[in-house]
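Please keep the viewer open as you read.

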Amino acid sequence: MASHSIGIEALMERAGWAVAQAVKTRFAPCRVLVLCGPGNNGGDGYVAARYLERAGWPVQVAALAAPRAGTIAAKAAARFHGRHVVFDQESAARADLVIDAVFGAGLDRAPSDEVMTVLASAKKRVAVDLPSFVNGRTGALLVEDSASRDVPDYLMSVTFVRPKPGHVLYPARSICGEVICADIGMPEDCVAHAAPDMWLNHPALWAIPAMSPDDHKYSRGVVSLCGGAVMPGATRLAAAGARASGAGLVRISAGKAAQAYRLGAPGLVVDDAPLPALLEDERREVWLCGPGLTPEEVEAALPSLLRAGRIVLADAGALGWADGVTEKLRGVSVITPHIGEFTKLFGAPGSDLAGAARAAAEKLDCVVLLKGAVSIIAAPDGRVMLNDHASPALATAGSGDTLAGVIATMLAAGMPAWEASCAGAWLHGEAGMKAGNWPVVEALDTHLGDARALAIALHAAAHGQV
Ligand SMILES: NC(=O)C1=CN([C@@H]2O[C@H](COP(=O)(O)OP(=O)(O)OC[C@H]3O[C@@H](n4cnc5c(N)ncnc54)[C@H](OP(=O)(O)O)[C@@H]3O)[C@@H](O)[C@H]2O)[C@@H](O)CC1
Ligand SMILES: [K+]
């Protein structure tokens with residue numbers, strides 16, 4: 001992408017300068033060793049070394065291998081006139097700070113033991129672009145013997161243009177340290193040329209309907225939930241999440257179990273009529289099926305919802321019901337598995353979680369929201385959103401039910417499935433962050449309305465609206 005108008009040489013110069021700037025801003029002058037690989041990542045390292053030396057810092061370079069003659073990286077290497085030392089453990093251990101410019105985006109296999117040992121010998125590490133054993137596209141660690149090896153972690157990673165999935169996704173996220181993304185003046189057309197298909201979740205990227213004076217409950221959207229007899233709590237939590245995030249009307253269809261739900265919130269409508277009768281009401285377009293349901297209860301509801309052409313979000317019990325026959329879920333709009341449910345439905349995802357979620361979405365032709373510390377929201381057309389707008393406070397039983405309710409509300413408000421899921425994940429995360437320390441799951445509801453208002457305001461601000 002860098003072969004366009006501006007040229008890789010100028011970009012490398014700015015990249016190396018940005019690394020030197022970031023180091024100067026965060027550390028007092030100290031003995032720096034820059035470890036340089038043979039490619040352009042190494043080229044950035046030589047540039048950074050030159051700028052640090054110019055600023056009066058004691059700098060040495062250790063080259064794993066010289067850049068190929070005639071390359072831009074070779075040119076950058078030639079412009080560093082400071083001291084070269086051997087690429088070994090002793091050199092790394094002697095330095096106060098090691099800048100790792102061994103491999104970046106070009107890493108395609110596990111680095112040698114030599115590289116790993118030298119990196120591990122450093123007292124403090126800063127990465128150019130990425131730690132040299134991180135797969136930037138997946139967040140996987142390309143480390144041989146990962147079970148027996150302590151993987152070194154970094155104080156900071158200085159990347160360029162935009163963060164890579166490897167900075168956002170675990171396990172790499174936990175070793176990258178502070179991620180600084182430097183603007184190196186990459187022209188917009190080059191960025192567009194790279195055709196991004198993965199984004200970091202933010203309200204700028206989707207629009208939730210705002211409140212309007214002519215709203216009525218049906219224009220805001222009706223969320224219907226299937227309620228079971230055995231675990232009514234899950235459905236009630238989902239219903240509460242749906243109401244708190246702004247649904248116009250929330251109804252639970254519970255058949256003979258209706259009484260268990262009628263003791264709940266008075267604003268919740270509970271139906272005991274059989275499902276076919278309820279489906280005659282075309283306004284009940286969006287259904288959440290799964291929280292708190294047994295396989296038998298899912299069997300009694302979900303196929304009918306799909307036959308009736310409803311927009312269905314399937315979670316929890318509905319995912320268990322499809323265990324072994326994933327095709328049973330064909331026709332649903334959104335599924336929200338955690339990693340265990342995902343593995344049962346689609347097999348072990350391997351080290352490329354986002355790729356696995358994307359493949360699952362394509363296979364089942366529905367949105368797959370794979371829940372985790374960083375949730376992955378994949379659309380069947382290949383778009384992937386990473387949601388790190390979340391809090392460990394959300395790691396509690398019932399939190400997923402609330403999330404499902406919020407997404408159902410976004411669907412009922414008329415948002416397309418992927419955007420609704422992205423919005424739901426963000427609102428849920430925002431509520432988790434606002435709910436303070438060790439909140440009970442019900443506490444999330446208190447913050448969902450404000451989270452929705454904030455998302456609407458942030459979207460408007462990002463698009464220049466007042
Ligand atoms: N794109 C842009 O606009 C900009 C990019 N910029 C910078 O460029 C970086 C990407 O540079 P890059 O493409 O040259 O790849 P890079 O990471 O240096 O590695 C390739 C070399 O490493 C080798 N190699 C790989 N794995 C190996 C292993 N395990 N063990 C041993 N060798 C291994 C590989 O060897 P080969 O596979 O060919 O044998 C090849 O020689 C990017 O991260 C950023 O820092 C900035 O300047 C700003 C503008
Ligand atoms: K690196």
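## Ground rules

A crossing is left-handed if the near helix is turned anticlockwise from the far one by less than a right angle, and right-handed if clockwise. Helices (H or I, at least four residues) and strands (E, at least two) are DSSP runs, numbered from the N terminus.

This is a predicted model: local features need pLDDT of at least 70, side-chain atom pairs count only at pLDDT 80 or more, and totals for chains, interfaces and linings use all residues. Residues are numbered from 1 along each chain as its sequence is written, while chains are lettered from A and ligands numbered from 1 in the order in which they are written.

## Helix α18 against α19

Let us start with α18 (residues 417-434) and α19 (residues 443-462), whose axes come within 8 Å and cross at roughly 125 degrees. Axes here are lines fitted to C-alpha atoms, for helices over the stretch in contact, and angles run from 0 to 180 degrees between N-to-C directions. That angle makes α18 oblique to α19; angles under 35 degrees count as roughly parallel, over 145 as roughly antiparallel, 65 to 115 as roughly perpendicular and the rest as oblique. The crossing of α18 past α19 is right-handed.

On the α18 side, the contact is made by A423, W426, L427, E430, A431, G432 and K434, and α19 brings L444, H447, L448, A451, R452, L454 and A455. Two residues are in contact if their C-beta atoms, placed from the backbone, lie within 7 Å. Sorted by class, this contact of α18 with α19 has nine nonpolar, two polar and three charged residues. Ala, Val, Leu, Ile, Met, Phe, Trp, Tyr, Cys and Pro count as nonpolar, Asp, Glu, Lys and Arg as charged, and the others, Gly among them, as polar.

## Helix α17 against α18

Helix α17 (residues 399-412) packs on α18 at an angle of about 135 degrees, with the axes 8 Å apart. This pair is oblique too, and the crossing of α17 and α18 is right-handed.

From α17 come T402, L403, V406, I407, M410 and L411, which meet A417, A420, S421, A423, G424, A425, L427 and H428 of α18. The contact of α17 with α18 holds 10 nonpolar and four polar residues, and no charged ones.

## The nonpolar core

A nonpolar core is a set of buried Ala, Val, Leu, Ile, Met, Phe, Trp, Tyr and Cys residues joined through C-beta atoms within 7 Å. The largest one has 151 residues, of which V34, L35, I99, C289, A357 and V367 touch the most other members. α18 gives the most to this core, with nine residues.

Beyond its neighbours within four places in sequence, A357 is in contact with V368, L370, I376, A378 and V384. A361 lies in helix α16 (residues 353-364). Is A361 buried or exposed? A361 is buried, because 27 other C-beta atoms lie within 10 Å (20 or more is buried, 12 or fewer exposed, in between partly exposed, with C-beta atoms placed from the backbone).

## Backbone details

Most residues other than glycine have a negative phi, and most peptide bonds are trans. The bond from Y170 to P171 is cis, with omega near 5 degrees, and P171 lies in the loop between α6 (165-168) and α7 (173-176).

V161, in the loop between β6 (156-160) and α6, has a positive phi near 70 degrees. W438, in the loop between α18 and α19, has a positive phi near 50 degrees, and W438 counts as exposed, with 9 C-beta neighbours inside 10 Å.
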